[in-house]
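I opened a new model today and kept notes as I went. Here is what I looked up.

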Amino acid sequence: MSDPHPAPLGTLGRRVRDARTHVSERRHGLTGHAGHIEFAHAQRDLWQALEAYVSKLELEGLPVPRTIRSELQLHRELFSRR
């Protein structure tokens, strides 16, 4: 079911930035099984943030930057294998 009041593009962009920061922190800050689980959750959050951001860009008829499209494709491939 789609959100009847989608978040503004700026909010979605901040979510992507924050999710990237979270992934980086988890990549470098945690070890062991718990660290691996938290890193996987952070990656999934980033994937979801990218999906929402790209959907909003497309909904608004705006171009999706190549780097964003590539990053999203990478995450789609990562999570299709899990």
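**Entry 1: the whole chain.** I noted at the start that this is a predicted model. I asked how many helices and strands the chain has. I found 3 helices and 0 strands. Reading from the N terminus, I wrote the order down as α-α-α. Next I looked up the dimensions. The C-alpha atoms fill a box of roughly 45 × 25 × 25 Å along the principal axes.

Entry 2: I looked up burial for the chain. It has 82 residues, and 28% of them count as buried.

**Entry 3: helix α1.** I moved on to α1, which covers residues 9-29. I counted its 21 residues in the record of the helix. From first C-alpha to last, α1 reaches 30 Å. That is close to the 30 Å expected at 1.5 Å a residue.

Which residues of α1 are buried? I listed Leu-12, Val-16, Ala-19 and Val-23. I then looked down the axis of α1. The buried residues fall within an arc of 65°, so they line one face of the helix. An α-helix has 3.6 residues a turn, so residues three or four places apart point the same way.

What do the buried residues of α1 pack against? They pack against α2, residues 32-59. I checked the other side of α1 too. There, His-28 and Gly-29 are exposed.

**Entry 4: Arg-76.** Arg-76 sits in helix α3, which spans residues 66-80. Is Arg-76 buried, exposed or partly exposed? Its relative accessibility is 36%, so I put it down as partly exposed. The cut-offs that matter here are under 20% for buried and over 50% for exposed.

Which residues does Arg-76 touch, leaving out those up to four places away in sequence? I found Trp-47 and Glu-51. I looked again at Glu-51. Its side chain makes a polar contact with the side chain of Arg-76, at 2.8 Å.

Last, I compared sequence with space. Arg-76 and Gly-61 are 15 residues apart in sequence. Their C-alpha atoms are 22 Å apart.

Note on methods:
Residues are numbered from 1 along each chain as its sequence is written. This is a predicted model: local features need pLDDT of at least 70, side-chain atom pairs count only at pLDDT 80 or more; totals for chains, interfaces and linings use all residues. Side-chain values use heavy atoms; hydrogens and water are left out. Helices (H or I, at least four residues) and strands (E, at least two) are DSSP runs, numbered from the N terminus. Buried means under 20% relative accessible area, exposed over 50%, partly exposed in between (1.4 Å probe, protein chains only). Contact means heavy atoms within 4.5 Å. A polar contact is a pair of N or O atoms within 3.5 Å; within protein, one must be able to donate a hydrogen and the other to accept it, and residues adjacent in sequence count only if both atoms are side-chain atoms. The expected span of a helix is 1.5 Å times one less than its number of residues. The arc is that of the directions from the helix axis to the C-beta atoms.
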